Amino acid sequence: MKESGGRKQGATSPCAACKLLRRRCTQDCVFSPYFPSDEPHKFASVHKVFGASNVNKMLQELQEYQRGDAVSSMVYEANARINDPIYGCVGTISSLHHQIEFLHTQLAIAQAQLVHMKMQQFSSMSGGGGTAANSSGNVWSPSSRHLQLEVHPEFEIYGSLQQPQINI
């Protein structure tokens with residue numbers, strides 16, 4: 001009995017690598033476990049950057065348990081090289097590293113501002129007998145839970161963060 005595609009029942013479609021290379025996919029095809037026929041873009045990008053023979057050599061040199069991770073790495077690197085031919089993954093890693101440094105700096109600034117504001121509140125509380133007027137004329141009382149953010153209102157999310165303890 002034939003299926004709608006003209007193939008015999010039980011026959012499998014060739015893997016994405018064999019389909020792209022226009023060759024017969026055998027039972028012992030090294031590509032078939034890692035480049036299924038329903039994901040042709042994976043092999044196309046790897047083939048474009050590394051070449052089929054190089055990928056075949058790399059996979060043959062590895063133990064079977066290492067091949068899945070190697071293919072994932074090759075696909076990632078190939079996509080990165082297609083998007084950024086000069087730097088590839090290194091460009092992505094460098095960009096992420098710069099973002100981390102920037103966010104660490106922003107976090108340090110926010111923490112310093114929070115400490116500064118708490119110090120101002122403490123000094124105005126200790127000198128004013130429980131309530132004190134701040135520089136903008138607003139009155140602060142010990143029972144209020146919200147701080148007036150005069151410098152950077154975008155840091156109002158600190159209520160969900162662990163606030164540092166100030167011991168004076």
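Begin by selecting His41 and Lys48 in helix H2 (40-50): these exposed residues sit on the face of H2 turned away from its buried side. Exposed denotes over 50% relative accessible area, buried under 20%, and partly exposed the range in between, with a 1.4 Å probe and protein chains only. Helices are DSSP runs of H or I with at least four residues, strands are runs of E with at least two, and both are numbered from the N terminus. The model is predicted: local features need pLDDT of at least 70 and side-chain atom pairs count only at pLDDT 80 or more, while totals for chains, interfaces and linings use all residues. Residues are numbered from 1 along each chain as its sequence is written, and side-chain values use heavy atoms, with hydrogens and water left out.

**The buried face of H2**

Next, select Phe43, Ser45 and Val46, which are buried in H2. Viewed down the helix axis, the buried residues of H2 fall within an arc of 165 degrees, so they line one face of the helix; the arc is taken over the directions from the helix axis to the C-beta atoms. The cover over these buried residues includes H1, H3 and H4, contact being defined as heavy atoms within 4.5 Å.

**The nonpolar core**

Which residues touch the most other members of the largest nonpolar core? Select Phe31, Phe35 and Leu59, which hold that position among its 19 residues. A nonpolar core is a set of buried Ala, Val, Leu, Ile, Met, Phe, Trp, Tyr and Cys residues joined through side-chain atoms within 4.5 Å. At least two residues of this core come from each of helix H1 (16-21), helix H2 (40-50), helix H3 (52-61) and helix H4 (64-83). H4 provides the largest share, five residues.

Centre the view on Phe35. Leaving aside residues up to four places away in sequence, Phe35 touches Cys15, Ala16, Ala17, Lys42, Phe43, Val46, Val55, Val71 and Val75.

Then move to Leu59 in helix H3, which is buried, with a relative accessible area of 0%. With the same exclusion of residues up to four places away in sequence, its contacts are Val30, Phe31, Tyr34, Arg67, Val71 and Met74. A C-alpha to C-alpha distance from Leu59 to Ala70 gives 7.8 Å, across 11 residues of sequence.

**Salt bridges**

How many salt bridges does the structure hold? There are two, a salt bridge being a side-chain nitrogen of Lys or Arg within 4 Å of a carboxyl oxygen of Asp or Glu. For one of them, select Glu39 and Lys42, whose closest N and O atoms are 3.2 Å apart. Glu39 is partly exposed at 28% relative accessible area, and Lys42 is partly exposed at 21%.

Now select Arg81 and Glu77, whose side chains meet in a salt bridge of 2.9 Å, N to O. Both residues lie in helix H4, four residues apart, about one turn of the helix. Arg81 is partly exposed, with a relative accessible area of 30%.

**Final stops**

Select Arg22 in the loop between H1 and H2. Its phi is near 55 degrees, a positive value in a residue other than glycine, and Arg22 is exposed at 77% relative accessible area.

Finally, turn to the cysteines. The structure holds zero disulfides, a disulfide being a pair of cysteine sulfur atoms within 2.5 Å. For Cys25, the nearest cysteine sulfur, that of Cys18, is 3.7 Å away. Cys25 is partly exposed at 25% relative accessible area, whereas Cys89 is buried at 14%.
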